[in-house]
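This briefing is for a reader who is meeting the structure for the first time. Please look over the sequence and the model before reading on.

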Number of protein chains: 4
Amino acid sequence: GENIFLIAKAFHQNFIIPEFTTFCENIEDLYWKVKSKTDGKVASYIPQLARYSPDLWGVSVCTIDGQRYSIGDVDVPVCLQSVSKPLTYALVLNEQTPEVVHQYVGHEPSGRQFNEIKLSADNKPHNPLINSGAIVLCSLLKQDFNLADRFDYTSQMFKRLAGNEHLSFNNSVFLSERETADRNFALGYYLREYKCFPKGTNLMETLDFYFQLCSVEVTAQSGSVIAASLANGGICPITGERVLDAGAVRNTLSLMHSCGMYDYSGQFAFDVGLPAKSGVSGSVMLVVPNVMGVYMWAPPLDQYGNSCKGIEFCEELVDKFNFHNYDNLRHTHRKLDP
Amino acid sequence: GENIFLIAKAFHQNFIIPEFTTFCENIEDLYWKVKSKTDGKVASYIPQLARYSPDLWGVSVCTIDGQRYSIGDVDVPVCLQSVSKPLTYALVLNEQTPEVVHQYVGHEPSGRQFNEIKLSADNKPHNPLINSGAIVLCSLLKQDFNLADRFDYTSQMFKRLAGNEHLSFNNSVFLSERETADRNFALGYYLREYKCFPKGTNLMETLDFYFQLCSVEVTAQSGSVIAASLANGGICPITGERVLDAGAVRNTLSLMHSCGMYDYSGQFAFDVGLPAKSGVSGSVMLVVPNVMGVYMWAPPLDQYGNSCKGIEFCEELVDKFNFHNYDNLRHTHRKLDP
Amino acid sequence: GENIFLIAKAFHQNFIIPEFTTFCENIEDLYWKVKSKTDGKVASYIPQLARYSPDLWGVSVCTIDGQRYSIGDVDVPVCLQSVSKPLTYALVLNEQTPEVVHQYVGHEPSGRQFNEIKLSADNKPHNPLINSGAIVLCSLLKQDFNLADRFDYTSQMFKRLAGNEHLSFNNSVFLSERETADRNFALGYYLREYKCFPKGTNLMETLDFYFQLCSVEVTAQSGSVIAASLANGGICPITGERVLDAGAVRNTLSLMHSCGMYDYSGQFAFDVGLPAKSGVSGSVMLVVPNVMGVYMWAPPLDQYGNSCKGIEFCEELVDKFNFHNYDNLRHTHRKLDP
Amino acid sequence: GENIFLIAKAFHQNFIIPEFTTFCENIEDLYWKVKSKTDGKVASYIPQLARYSPDLWGVSVCTIDGQRYSIGDVDVPVCLQSVSKPLTYALVLNEQTPEVVHQYVGHEPSGRQFNEIKLSADNKPHNPLINSGAIVLCSLLKQDFNLADRFDYTSQMFKRLAGNEHLSFNNSVFLSERETADRNFALGYYLREYKCFPKGTNLMETLDFYFQLCSVEVTAQSGSVIAASLANGGICPITGERVLDAGAVRNTLSLMHSCGMYDYSGQFAFDVGLPAKSGVSGSVMLVVPNVMGVYMWAPPLDQYGNSCKGIEFCEELVDKFNFHNYDNLRHTHRKLDP
């Protein structure tokens, strides 16, 4: 059934990246160029992350009309970690208005460390993509369900965004995260003190839910489909299914644009100018709106907690192609259109 | 000479806003709707600003192909104040590479008050659109010229961006600014202590230059042409002259998008999703890339220092039209295309 | 047995306050003067504290040679709350050297709120008299005992300091404290993240122990004996028993002098110049070294969390008598010697 | 004339340190012991300080009854730098009530760097012994005099405190200080913005006055007389003249006790328990109330800006003698009474 949808598009000959073979050659060149970059340190606060080989490096591309290209370690399961945060936010926005959701969380880059114990002037987490904001968002997602059903619902939604491709749960990571999460427990109690949660929230359950979403695994391949679903306004390009409301996706991309790359977000918005989200597993999920999703994975992290190879790849990509948010400004010297 | 340029475009019938009359009716409706909003307080730290009537309210639009619409108090000179900051930044970028310029100033929203005495972790002002960053930028602009020539050059560039329309200098404002600028003097010495200026910088001259650029006046009409020149990638839509390099404009818009509206910047980027800059005179300069520039002026300010009517107008505009940065996401429910 | 000790002193006629009757008349005058001060608000974060009548007001004095004077509500049990903190610190110092203890906690006034989530530059709580410091101290006290024995030991030591007078435990307060202690749980996890506890510390048990010590009750009468034991270098003036090592008491008084009155500590050291500690129950325990202990109790608190009447009484006392740390400076205009 | 005063005391045989010869032998032993401590770095922000030899080391003692002992480099002029701050504060208190003076400056240790640009919650400098507080105090001292007369008055008062012994002015230091004082200018403007100065204050003159008082020189010998005048309640032990009101001295000692040693003040109060003030020239002025003044000088500074040898000497002194504020607590194991 799904194939027919894709074949139909091919017959119409109106793919968003018409010269896809040439484009893939460019991606391959960038892949090898970036592979030689060997700086950064693999996260080590839990043994499960520390065991990732520093040489792992994979890139997957999925366009909004379902063309695919992958190179490197693209079939190894990797934990979403913070990459789950914009998905959680999108799922909450899918059910509640931005006005309601943003009574609990701000829209501002925090200008501070991702896990700092500090609220905005009106006593809300600064945005949904830092730990405190994501924890609060977890309390808002299907709050009337029990914990099993909440996780079930969320992972099914993630899977639909991924076009039913690989999605798994790493229970060892979850247990380790929970074991070592002093800061997140501190954050949780601090948030409760400031009445940041909706009434009736069970703090321990909410933190468990948060750790569980961080422990969901994708592959670079399935992750690129999730990114492509966002690039495509909420409709999965592989299945053609509308998974998320377009308004929810719009707002998610808006915050990924300004707050997605930890303390490097400002520089990233300036240099790359695209919505993205990184995670401590070494993942970077990049969205080129109306064009494609990209999922990069390489465990060694820079000082900000972003994958070194991932950042480098994004910058090279935007140096070559016309993807920066303001690249299409009139009278600009043209780079390549993909 | 200039007229021929515009007439030529008209004959080609390819204006960016084809139904301009209808569009102007919409703008007029919004103008009257917003006029009734009477909250906010006129800035009073210098007498020259305090004397602005709280009832002043003007909106001017200039498209990238030179169509114009104005309503209200659009011919009264008004000081640029902080609206000069992105222009200064663009002028510096016009002559030096972003790499050189950003050795002196960051790209990050500061997460703090616009005039806070605080540098980023690497001892730079957070970005060029807060006071400390703008003061440093003033030291970089034509640093080998004497002060008279630096001001001369800058005001001529501003005038060229404004299509040679109204530009004046309010010497009383300059004198008052300098008289009452304890915080900016404190910032200046603090920046010098941290070696934030290039070698050979004369601090007092730099501060004078900064106060002078804040005291340059436009009208809403001429201001809208400046905004349109930015929307048009650096080519003035009225004269057809390339005033700024397109790359300089791209980077300026990028930072206006994330840092232009003081501490409201995050919310503004989320709600409006367009590059803009406000000033304490009650000005808001808004850029719709590849479409038009808008200059709004109404003195009463909200708690963040932004014009109440200006903010309201921007939000109403984006509610009606398809201008938000992520509005063109595929499969989104469509608003009006202008 | 104990009486003999006191009678012996009386026969020797060398009481530290020779004209004790006159002195007590002065205390009574101050008591009534301060009673009319009706500002402040009773703490309300747990119902057990909120139920204290705002009119309760008692003052008890016990000299280092065991003379006693009490007036007002001096037989009503009142929770120590933060007044327990210097006692905990003294007990820890009684068993371990200051060098070991201060590996875990600083000696500095924090310049911040008593419960702020912030450590000193070397990642220790600023001092033992703020919440974070007191929680860490609880982990150091008889750490090899089980919880029941730790509490048993500590409350027995408190009772010996109080000359075996009233000491009780308010289990409702303990349960309420634990129930509402989001900030203290946040602090606990934060401290554990920064490895502020000795190895093997059980966080939940430590917090329970902390809440329990806050829930120990004295009366103003028995509290004044505790204060007198501190004033007397660790020997209880009622029983003649050495309870604490004199060095432990010296260091405890030193920190009470600089850090005992929350954010008012600097002003209090300046105006009153004596070691003291206040608690949210409205208690103030004041030590006049080598002279006497005073325990004041009145529930309404000022903005800093100190008992309004307690502060007023201390200031009046030092205005009249020669008790300020620097009052005995040569050539100073003399106030009364008690 | 002055000699008669001293001889009279000698005949009365009631010197405060009866066994002065033995005491001096102890001081000499400590001097040599501390001399071997060679860590620390000489201040280098102005060339005049950088030129001090790191080997300079002098200690002078003057008792409240005028007995003297000096060893090492005690006749070399050294700038007071921050040691002038408590003297300025005492002079202001000598003329105005503490209530008036403390409308402009707090009594709290700041918990922050000595030159941080930060005011207390009620917009005052935290205390008179940090830069911002001292600058404000300079504006309060003889504010109706012209600058020449203000300096004249102040240096004469310093000289009277020093028993008319060595006092000089280092104009090169003054000029260098003013030249390099970006932070202090920043502080000055910041204070003016927050209206921290009394009406009519001339900021530039106030800063000049502040730099001038930092540039006044004493020798360790004359400095010890100043310290002894403070120890003696404001009466110079050499001349018998009352220079300062005893209340002014009491309050000065109170703040030196809590805030005199930069960010090490808390630890110093805990370990040494005596009023002291250090300066970046390597001076430490120590007051043992009712006993003596000590002036130590050795240029190499620790991380806090305190003289390494000076701190070490103070700690050794209090380890041997019974000088700590709480050393006279009853039932304490006795150290030496001098």
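This is a predicted model: local features need pLDDT of at least 70, side-chain atom pairs count only at pLDDT 80 or more; totals for chains, interfaces and linings use all residues.

**Chain A as a whole**

- Chain A contains 14 helices and eight strands.
- A compact globule of 338 residues would have a radius of gyration near 20 Å, so the 19 Å of chain A agrees with that expectation.
- Along the principal axes, the C-alpha atoms of chain A fill a box of roughly 55 × 40 × 40 Å.
- Of the 338 residues in chain A, 64% are buried.
- When contacts in chain A between residues at least 6 apart in sequence are taken, 67% of them join residues at least 24 apart.
- Chain A has an accessible surface of about 12,100 Å², and carbon and sulfur atoms account for 48% of that surface.
- The side chains of chain A include 28 positive and 37 negative ones, with the centres of the two sets 5 Å apart.

**Contacts between chains**

- Chain A and chain B meet through 45 residues from chain A and 45 residues from chain B.
- In chain A, the residues that lose the most area to chain B are Arg250(A), Phe270(A) and Tyr326(A), which together give 24% of what that side buries.
- The area buried between chain A and chain B is about 3,500 Å², with 55% of it on carbon and sulfur atoms.
- Between chain B and chain D, ten residues of chain B are in contact with ten residues of chain D.
- On the chain B side, Asp182(B), Arg183(B) and Tyr189(B) lose the most area to chain D, together 49% of what that side buries.
- Chain B and chain D bury about 1,100 Å² between them, and carbon and sulfur atoms give 51% of this area.
- Chain B and chain C are joined by no contact, and their closest C-alpha atoms lie 17 Å apart.
- Chain A and chain D are also joined by no contact, with their closest C-alpha atoms 16 Å apart.

**Helix 6 of chain A**

- Helix 6 of chain A spans residues 131-140 and is mostly covered, with ten of its ten residues buried.
- Among the buried residues of helix 6 of chain A are Asn131(A), Ile135(A), Cys138(A) and Leu140(A).
- The buried residues of this helix pack against helix 4 (84-93), helix 5 (98-101), helix 7 (147-161), helix 9 (182-193) and helix 10 (203-214) of chain A.

**Lys124(A)**

- Lys124(A) sits in the loop between helix 5 and helix 6 of chain A.
- Lys124(A) counts as buried because its relative accessibility is 15%, and the cut-off for buried is under 20%.
- Apart from neighbours within four places in sequence, Lys124(A) is in contact with residues including His102(A), Tyr104(A) and Leu119(A).
- From C-alpha to C-alpha, Lys124(A) and Gln103(A) are 8.1 Å apart in space, while 21 residues apart in sequence.

**Ala50(B)**

- Ala50(B) belongs to helix 3 of chain B, residues 47-50.
- Not counting residues up to four places away in sequence, Ala50(B) touches Val42(B), Ala43(B) and Ser44(B).
- Ala50(B) and Pro299(B) are 249 residues apart along the chain, and their C-alpha atoms are separated by 9.0 Å.

How values were computed
Residues are numbered from 1 along each chain as its sequence is written. Chains are lettered from A and ligands numbered from 1 in the order in which they are written. Side-chain values use heavy atoms; hydrogens and water are left out. Helices (H or I, at least four residues) and strands (E, at least two) are DSSP runs, numbered from the N terminus. The radius of gyration is taken over C-alpha atoms; the globule rule is 2.2 Å times the number of residues to the power 0.38. Buried means under 20% relative accessible area, exposed over 50%, partly exposed in between (1.4 Å probe, protein chains only). Contact means heavy atoms within 4.5 Å. Accessible areas come from the Shrake-Rupley method with a 1.4 Å probe; for residues, only the protein chains shown count as cover. Lys and Arg count as positive and Asp and Glu as negative; His and the chain ends are not counted. The place of a charge is taken as NZ of Lys, CZ of Arg, CG of Asp or CD of Glu. Buried area is the accessible area (1.4 Å probe) that two parts lose on being put together, summed over both.
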